[in-house]
Amino acid sequence: MTSTRQRILSGAKPTADSLHLGNYIGAVRQWVDMQSEYDPVFFIPDLHAITVDFDPVELAKRTRIVAAQYIAAGIDPDKSIFFVQSHVPEHAQLAWALNCITGYGEAARMTQFKDKTAKAGSDAATLGLFAYPSLMAADILLYQADLVPVGEDQRQHLELTRTLAQRFNSRFGETFKVPQATILKSTAKIYDLQNPAAKMSKTGESPNGAIQLLEDPKTAAKRIKSAVTDDGTEIRFDAEAKPGISNLLTIYATLTNRTIADLEEAYQGKMYGHLKTDLAELMVEFLTPLRARTNELMSDPAELDRLLARGAGRARDIASVTLASVYDRIGFLPLSGGR
């Protein structure tokens, strides 16, 4: 039966050994929620990960571990098409066709390419990094996605994707659905526990500033208890005057689906230590099953690989149809009979 839901597509690069709490709240949880509202296609874009310097052993390990964490956090391979990008060769094949209708100037104007070459120098930039937007366009157009959630840093790339879809359709006939950008329900921004002026990051100034999803839950609890707070004792949300406490309230509210106002009322007259102790316990309750499920998947790589292979098979069922249509329209001969 054909789904009447809009198809949504998103991906997360395998760039760390563990996702952190900010990743979970800003991306993973969003993916989990999308499963009940959309026809979701989620993938780990390992082809994109090699556009900059990388270590092959680390890439393989991180691809598996990111995939395992997403599944452990609630991505259901039965509800979503979930796969690794390099397992679906149609991504690279369509990207080449799109490269050939992308202007040099269009690619050179991409802000991310300009920023990265400004930092590392043009000699360090690869053709892969230059062509990154065409591959991203292929990722989206292969699946005839209706919606693509994007942040400001990717909006320019999505606009190029729309331009390429329209250009191809105009020149060769209707082939691609032109995707729309979507800003999903606003997500809470999680800040560094030691420096609440900065977003939580794997590259923060202090390792105690981030909660890693795969670390010992007791370590995470200690980081919550040692989080920077603010002058005064009143527990209330004020991002300007009380950034530390506001950050803890945001984390608490997000993990429990309670409102900030509800928490402010519950902690009226209590001290910062009360909030930290309760949030530390909550963090242990949250991380323990997620970490256990991730480790279970990582201890059985054959099962994890089976889930990813099944997802790739489902992805190719869609991608191969799109690519065949593209090849037919641009005049490539069909492969038939013999060698």
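## Before we start

Because the model is predicted, local features need pLDDT of at least 70 and side-chain atom pairs count only at pLDDT 80 or more, while totals for chains, interfaces and linings use all residues. Residues are numbered from 1 along each chain as its sequence is written, and side-chain values use heavy atoms, with hydrogens and water left out.

Helices (H or I, at least four residues) and strands (E, at least two) are DSSP runs, numbered from the N terminus. You'll also meet "buried" a lot: it means under 20% relative accessible area, while exposed is over 50% and partly exposed is in between (1.4 Å probe, protein chains only).

Let's begin with strand 2, residues 39–44. Six of its six residues are buried, so the strand is largely enclosed by the rest of the structure. In a regular strand, side chains alternate between the two faces of the sheet. Here, Asp39, Val41 and Phe43 are on one side, Pro40, Phe42 and Ile44 are on the other, and both faces are covered.

Which strands pair with strand 2? Strand 1 (residues 7–11) runs parallel to strand 2 and is joined to it by five bridges, and strand 3 (residues 81–84) is also parallel to strand 2, with four bridges. (Two strands pair if DSSP finds at least two bridges between them.) Val41 is a handy landmark: Leu9 stands opposite Val41, and in strand 3 the bridge partner of Val41 is Ile81.

Strand 1, helix 1 (residues 21–34) and strand 2 make a right-handed β-α-β unit. Right-handed here means that, with the strands pointing away from the viewer, the path from the first strand over the helix to the second runs clockwise.

Helix 1 has 14 residues and reaches 19 Å from its first C-alpha to its last, close to the expected 20 Å. The expected span is 1.5 Å times one less than the number of residues. Helix 1 bends by about 35° at Val28, where the bend is the angle between axes fitted to the seven residues ending there and the seven starting there. Val28 is also one of the buried residues of helix 1, along with others including Leu21, Tyr24, Ile25 and Trp31.

Now for helix 14, residues 301–330. With 30 residues, helix 14 reaches 40 Å from its first C-alpha to its last, close to the 44 Å expected. Helix 14 has a kink of about 30°, centred on Arg316. Its buried residues include Leu304, Gly311, Ala315, Ile318 and Val326. Gly331 follows helix 14 and has a positive phi, near 95°.

## Rings in pairs

How many aromatic pairs does the structure hold? There are eleven; rings of Phe, Tyr and Trp (its six-membered ring) pair if their centres lie within 6.5 Å, and planes under 30 degrees apart count as stacked, over 60 as edge-to-face and the rest as tilted. The ring centres of Trp31 and Phe42 are 4.4 Å apart and their planes are at 5°, so this pair is stacked. The pair links distant parts of the chain, with Trp31 in helix 1 and Phe42 in strand 2, eleven residues apart. Both Trp31 and Phe42 are buried.

Phe168 and Phe172 make a tilted pair, 4.7 Å centre to centre with 45° between the planes. Both lie in helix 9 (residues 152–172), four residues apart, about one turn of the helix. Phe168 counts as buried because its relative accessibility is 2%, whereas Phe172, at 24%, counts as partly exposed. Back with Trp31 and Phe42: ring pairs link them with Tyr70 and Phe82 into a cluster.

## Positive phi angles

Most residues other than glycine have a negative phi. Which way does the phi of Gln144 go, positive or negative? Phi of Gln144 is positive, near 50°, and Gln144 sits in the loop between helix 8 (132–141) and strand 4 (147–149).

Asn257 has a positive phi too, of about 60°, although it is not a glycine. You'll find Asn257 in the loop between helix 11 (243–256) and helix 12 (260–266). Asn257 counts as exposed because its relative accessible area is 64%.
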